[in-house]
Amino acid sequence: MSADVVTKRFSGRVAIVTGGVHGIGRATVDLLRAQGAKVMIADNDPAGDVVLQEFGADRLNVGFIGGDMEEEDFSQSIVDATNKQFGRIDYLVNNAYAFTAKGMDGELKHWRRSLDVGVIGFARMIQCVAPSMIKAGGGSIVNVASTMAHIVTKDRWTYCAAKGAVLQLTKAAALDLGAHRIRINSVSPAWIWTREVVKTADLDGGGRAKWGPIWGDYHMLRRCGESSEVAAPIAFLLSDEASFITATDLAIDGGYLAMGPEGIGKGTAHAGSD
């Protein structure tokens with residue numbers, strides 16, 4: 001496929017990206033726009049207005065709506081705003097989530113926040129956007145899950161449970177909407193340099209320079225991933241190049257899930273580490 005075809009592969013199409021102000025969401029917004037899509041960003045971060053200003057002359061091809069995915073009516077508001085501004089909806093990236101990691105100390109409010117934003121919010125978006133996609137002749141949806149949907153780490157009951165539910169939601173919704181030519185897939189990133197991971201590195205001291213090689217030991221590629229490295233597979237799954245792929249989860253994990261407890265092995269060189 002030529003570079004020109006890839007650059008224009010979303011021309012005339014419209015996407016919604018939730019949690020699109022930072023990290024994986026923002027990288028996905030930038031890539032979809034670069035490849036011709038018009039994009040509606042939904043986020044509870046007020047910095048969304050600042051993001052719009054960054055787009056300058058291309059402002060007509062991007063929109064922003066602020067709100068919280070926990071609000072029952074916000075999903076429909078996103079869909080209505082997108083249809084009003086762009087006239088159609090072809091793609092949805094369910095990325096917004098609540099990084100609420102609680103274990104034995106988890107309270108009902110923590111569970112509700114994790115599930116309301118992390119999987120119920122995804123489901124509500126699919127329910128609300130489906131009629132517009134059916135009207136457009138079909139569409140494609142990508143749900144952002146996590147390696148924590150497949151395996152678990154200590155003290156993360158809420159996060160692991162919510163992300164695990166995303167995988168089953170993806171399959172169930174893909175079955176019901178497949179007849180309408182709507183494909184639904186998920187991606188499971190491992191350690192990606194999002195603001196949450198960066199914040200953890202900074203709080204622990206040493207920042208990325210210190211923790212990159214240490215966390216890199218959990219991945220076969222000896223490093224953490226970048227948001228752009230998640231955005232590219234998301235764009236592929238949305239695109240017509242993935243036209244016969246649905247109900248599938250794609251691990252974007254640098255080999256994280258494939259390794260046993262021995263890790264990369266003692267004395268292994270950290271080639272290419274952060």
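Helices H4 and H5 pass each other in a right-handed crossing. In this predicted model, H4 covers residues 74-86 and H5 covers residues 108-135, and their axes come within 8 Å and cross at roughly 35°. On the H4 side, the residues that meet H5 are Ser75, Gln76, Ile78, Val79 and Asn83. Their partners in H5 are Gly121, Arg124, Met125, Cys128, Val129 and Ser132. Sorted by class, this contact has 5 nonpolar, 5 polar and 1 charged residues.

Helix H2 (residues 23-34) and helix H9 (residues 227-238) have axes that come within 8 Å and cross at roughly 55°. Because of that angle, H2 is oblique to H9. The crossing of H2 with H9 is right-handed. From H2, the contact draws on Gly23, Ile24, Ala27, Thr28, Leu31 and Leu32. From H9, the residues taking part are Ser227, Ser228, Val230, Ala231, Ala232, Ile234, Ala235 and Leu238. By class, 10 of the residues in the contact of H2 with H9 are nonpolar and 4 are polar, with no charged residues.

Two strand residues can now be followed in turn. Ile141 lies in strand S5, which spans residues 139-144. With a relative accessible area of 0%, Ile141 is buried. Beyond its close neighbours in sequence (up to four places away), Ile141 touches Leu92, Asn94, Ile126, Val129, Met133, Ile182, Arg183, Ile184, Asn185 and Leu238. Among these, Val129 also belongs to the H5 side of the contact with H4, and Leu238 to the H9 side of the contact with H2. The C-alpha atoms of Ile141 and Ser186 are separated by 8.2 Å, although the two residues are 45 apart along the chain.

Arg183, one of the residues touched by Ile141, sits in strand S6 (residues 182-189). Is Arg183 buried or exposed? Its relative accessibility is 12%, so Arg183 counts as buried. Apart from neighbours within four places in sequence, Arg183 is in contact with Gly139, Ser140, Ile141, Leu237, Leu238, Ser239, Ala242, Ser243, Ile245 and Thr246. Leu52, by comparison, is 131 residues from Arg183 in sequence and 29 Å from it in space, C-alpha to C-alpha.

The chain has a mean pLDDT of 91, and 93% of its residues reach 70 or more. Over residues 270-274, pLDDT stays under 50, and for this stretch the model has 19 contacts beyond four places in sequence.

Terms used:
Residues are numbered from 1 along each chain as its sequence is written. This is a predicted model: local features need pLDDT of at least 70, side-chain atom pairs count only at pLDDT 80 or more; totals for chains, interfaces and linings use all residues. Side-chain values use heavy atoms; hydrogens and water are left out. pLDDT is the predictor's confidence in each residue, from 0 to 100. Contact means heavy atoms within 4.5 Å. Helices (H or I, at least four residues) and strands (E, at least two) are DSSP runs, numbered from the N terminus. Buried means under 20% relative accessible area, exposed over 50%, partly exposed in between (1.4 Å probe, protein chains only). Axes are lines fitted to C-alpha atoms, for helices over the stretch in contact, and angles run from 0 to 180 degrees between N-to-C directions. Angles under 35 degrees count as roughly parallel, over 145 as roughly antiparallel, 65 to 115 as roughly perpendicular and the rest as oblique. A crossing is left-handed if the near helix is turned anticlockwise from the far one by less than a right angle, and right-handed if clockwise. Ala, Val, Leu, Ile, Met, Phe, Trp, Tyr, Cys and Pro count as nonpolar, Asp, Glu, Lys and Arg as charged, and the others, Gly among them, as polar.
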